[in-house]
Amino acid sequence: MIKRISNLDKNKTINRRLFILGSAKVGLLGLITARLYNLQISEKKKYETLSDKNRFREWKTPPKRGVITDFYNNIIADNKRVYQVYLSLDETKNFNNSIFKLKNIIGLSDAELSNIYKKKQKIKPWDTIMVSENLSWEKFSKLNLYLHEIEGAKPVLSTSRYYPYSNDLVHIIGYVGDASADDITKNKKIEENFVPGLKVGKIGIENSTDQILIGNYGIKRYEVNSSGKKIREISYKKETQGENLRTTIDIEVQRLAQKLLDNKAGSICAMDIYNGEIIALASSPTYDPNKFTYGINKKDWHEIKNNKLRPLINKSIAGLYSPGSTIKPLVALAALEYGIINPDLKIKCKGHDHPYELYGQKYHCWKKEGHGIMSLRNAIKQSCDTYFYEVARLLGVDKLSIIAKRYGLGTKVLENIFPEEKKGLVPSTKWKKQVLEQSWYLGETVITGIGQGYIQTTPLQLCLMTAQLANGGFKIKPNIIYNSNFNYEEILSKIQSEKNKPIEENILQDRNINLYEKLYKNPKNIKIVLDAMYGSTNEKFGTSFGSRHKDKKYRYAGKTGTSQVRRITEKDRELDLDTSEIEYKNRDHALFVAFAPYDKPKYAISVLVEHGGSGSKAAAPLAKMLIKKIIDRDKEREIKREELKII
Amino acid sequence: MISSSLNSLNYSFIDKLKSVDYFLILIVLLIGAISVFSIYSTENGEFSFYTKNHLIRLVAFFSLFLVLSFVRVSTWYKHAYIFYLLALFLLILVIFFGISASGSKRWINLFVFNLQPSELMKIAVIVCFARYYHRIQSADIESYKYLIQPFILILIPCYLVITQPDLGTAILIAGSGIAIIWLAGLNIKYFIYSGLMVIVSLPFIISILKPYQKSRILTFFNPERDPLGAGYQIIQSKIAIGSGGMYGKGFLQGTQSYLEFLPEKHTDFIFTLFSEEFGFLGSILLIFLYVLLIYRIIKIGFSCRSFFAKLYCFGFSSALFLYVFVNIAMVVGLLPIVGAPLPIMSYGGSSMLSIMIGLSIVMSCKIYSHEIVSK
């Protein structure tokens with residue numbers, strides 16, 4: 001009986017306790033349900049995203065670069081098919097083994113090998129590593145033969161930059177290389193499209209037009225498993241190639257210009273005097289841009305870097321030289337425009353025995369025996385220094401400076417394309433006071449009159465100066481990238497209507513002049529100067545008479561220049577050595593500027609040969625050959641221009 | 001032994017068959033079927049090693065469950081302590097002859113399969129305690145003599161299991177034992193006192209934990225502290241469950257498991273896989289099946305005449321609830337990852353065996369519900 005009661009009691013207890021436990025269970029189940037609701041319904045989006053992030057991985061594929069052509073569609077920067085081999089780490093069980101086999105098949109150097117190991121440290125265990133960027137076809141096909149033996153090896157067909165005219169255009173086009181951290185931060189387009197393996201322009205047009213040339217990368221989406229192994233491709237947004245770019249360069253003229261400078265240090269520029277299209281922009285010595293695509297090797301780099309003739313400098317835009325006598329037409333023009341002299345002014349050049357004297361300082365003409373009595377035309381033609389000493393003295397450096405700047409000296413010509421372009425220097429009294437904190441001496445004016453002293457110009461500036469004289473004195477804008485908006489007929493008609501406009505009073509003041517506006521006060525003065533330049537090339541005693549073209553079609557007008565690289569001493573004068581007898585670094589620079597054809601001017605050129613000696617002997621003969629080529633190509637250029645208009 | 005039980009005088013075989021709880025069997029079969037499909041999914045829809053093994057075990061142990069159901073409940077009562085001692089003996093055996101895997105020594109090689117005695121202990125402790133409290137009068141429960149004994153009975157196996165180390169199973173063993181003590185009617189104050197003691201000694205407990213256990217607990221509070229290490233499992237599990245959404249990604253479509261982001265997907269994280277593929281609705285349905293199972297066991301408990309059977313049924317149902325709760329709470333991030341399988345669903349022979357034995361005792365309680373276990 002007692003047991004009964006006890007059992008009843010126990011049953012009561014157990015039921016009560018079970019009820020409490022049951023309530024707790026219901027509570028806990030509620031908790032789990034709430035949690036599941038929270039995970040699967042409230043925060044589904046978040047976890048779905050996380051799940052997708054887990055299983056999708058994106059591989060960016062580098063875009064193809066736009067192709068660069070010359071004016072005639074000749075490709076000057078191309079995309080070449082290259083054979084590469086990668087190693088995908090997640091498919092490689094034994095990395096060392098695979099690398100060893102690859103080494104034997106494609107022949108890797110120790111340096112390359114250590115580079116690969118270095119790269120491996122930096123990447124994730126499921127990434128791929130580039131083993132060789134540029135394999136020959138033989139090695140590539142050999143690799144494919146043994147592919148099954150090498151775990152994780154991936155042969156890839158890719159494209160890379162290739163410059164078919166290797167050395168001929170490097171200073172214009174530049175070259176590409178791997179994007180550096182600096183490139184990425186500086187250029188937004190590169191930052192946005194950065195993909196490992198993306199090549200970016202390092203210098204030249206490749207660099208300044210990266211914006212256009214770099215396309216948009218592609219995206220391959222893969223599903224991957226937890227160890228990063230690709231399971232399948234989900235989608236592929238194809239990369240887009242960058243836009244193609246047409247330059248104004250004529251590859252044939254460019255190649256000739258480059259060839260003319262073979263074994264010399266110097267520059268040749270050629271441009272259209274109306275639309276400013278640069279036809280050739282040669283600089284010598286040169287080097288092969290293709291070497292830079294995969295990183296240049298040390299030996300080649302040292303060879304280029306340590307070359308005394310400085311191949312890395314684009315001399316056309318970044319080389320600074322005293323213009324020498326090539327500035328004389330401009331000095332004459334300034335003096336005429338300001339009414340300082342008239343063309344009939346006669347000055348006697350008496351030779352080295354009786355040099356030009358100012359405050360006890362002697363200024364010699366280059367001609368030992370003297371030119372005799374000179375008029376303006378003769379003085380330009382025969383390049384008489386004595387005459388221009390006096391003209392410069394009369395004119396004053398400040399007036400000369402206004403005119404020199406107006407015709408293109410002292411400012412960058414193509415500033416946006418070549419960041420390394422130099423401004424040069426057109427001195428004035430104000431400049432000297434501000435920069436050197438000294439007052440100007442009249443003697444400095446005198447030597448500025450023959451393009452010596454402080455004045456510094458780039459060959460392209462001299463070419464522009466000549467072009468703006470040859471086109472009758474109108475401001476133009478040189479360009480090297482073809483722009484269809486520059487309509488030739490439009491420019492000509494603009495210039496025509498500008499000619500008929502009345503001349504403004506303040507034209508000779510230091511003021512800004514707009515594109516295609518006139519630079520002169522009196523067009524007659526320009527004619528006088530151009531006529532004198534004609535004489536210089538086409539008449540006896542002219543300094544470039546020896547390099548003239550007899551055929552009227554090629555006839556051109558030019559001005560020689562010889563720029564001293566050091567002060568000529570009395571002893572030098574006595575010795576009177578021939579160029580070849582002087583030490584190379586002390587030889588004069590030879591310069592020449594010209595425009596052609598004379599009857600209907602269309603092109604201007606400038607030639608500079610560093611330490612070449614005299615302009616008439618070293619520079620003018622090169623100009624002669626180049627002008628022939630340019631004129632021969634003129635018709636074709638016109639045809640092409642019409643063609644481009646239709647497009 | 002079995003045959004003698006089956007040929008009981010009081011019950012004809014037909015009677016026995018009649019009193020079998022078929023609904024319970026149906027639920028077990030349903031969960032079993034779901035488990036096979038889930039394991040099949042962990043193998044990306046290939047009928048290979050795990051699925052095959054799981055199916056074989058399910059069939060074998062389910063048959064064992066049916067057969068053992070006809071063992072008299074009084075037999076279980078009589079041999080309760082022997083069962084406990086056997087499990088304890090096997091646990092000790094593990095120390096000497098155990099097989100190690102991934103840093104812990106939990107198994108004994110039985111040639112047919114590797115037995116995990118700690119799983120057996122989960123049931124043994126319930127049977128043992130049911131018998132223990134069956135005989136004690138309500139008034140005596142609170143005497144020190146009867147307090148110390150169950151305490152030691154829990155402590156010994158728990159210690160052995162913790163040193164394997166296997167914190168999860170130890171907690172489940174202790175939990176099952178405590179549940180029965182609770183049901184037996186020990187004064188609430190003891191639970192409150194020991195609860196407080198646990199809290200007070202928590203710093204000490206933490207200091208003796210293994211480093212990996214510590215990091216698991218730290219990770220529980222902030223999985224992001226080591227997303228690729230200790231926090232990886234729970235982060236990936238939450239991602240899998242969360243991305244399943246309302247209806248799930250579909251059978252065999254669980255990307256988290258298919259792409260191997262999910263660790264231990266056939267054992268402790270089987271619920272995660274199921275939840276990813278069948279979503280909130282599927283999960284609720286599966287939980288509901290477990291609730292039904294537990295409800296059914298409690299119902300059987302009510303119908304039992306003997307206190308032993310009642311206590312066993314209620315205790316086992318509570319233990320079952322504990323297993324399910326700990327596992328799911330763990331994979332959804334409500335509890336630290338301690339390593340506890342989901343009954344029937346998880347791949348693992350010993351767990352399946354112990355659950356089936358546990359269920360067979362329940363069924364025996366049902367069949368022999370009117371039997372008085374002791375004179």
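**Stop one: a pair of helices**

The crossing of α3(B) and α15(B) is left-handed (the near helix is turned anticlockwise from the far one by less than a right angle). This is a predicted model, in which local features need pLDDT of at least 70, side-chain atom pairs count only at pLDDT 80 or more, and totals for chains, interfaces and linings use all residues. Residues are numbered from 1 along each chain as its sequence is written, while chains are lettered from A and ligands numbered from 1 in the order in which they are written.

Select residues 22-42 of chain B for helix α3 and residues 270-303 of chain B for helix α15; their axes come within 10 Å and cross at roughly 165° (axes are lines fitted to C-alpha atoms, for helices over the stretch in contact, and angles run from 0 to 180 degrees between N-to-C directions). α3(B) and α15(B) are therefore roughly antiparallel (an angle over 145 degrees).

**Stop two: a sheet in chain A**

Now move to chain A, where three strands form an open antiparallel sheet in the order β1-β8-β9 (strands are DSSP runs of E, at least two residues, and helices are runs of H or I, at least four, numbered from the N terminus; strands pair if DSSP finds at least two bridges between them). Select β1 (56-61) and β9 (230-237) of chain A: these edge strands each have a single partner, so one side of each lacks a neighbour in the sheet.

Finally, zoom in on A:V224, which stands opposite A:K230 in β9(A).

Definitions and conventions
Angles under 35 degrees count as roughly parallel, over 145 as roughly antiparallel, 65 to 115 as roughly perpendicular and the rest as oblique.
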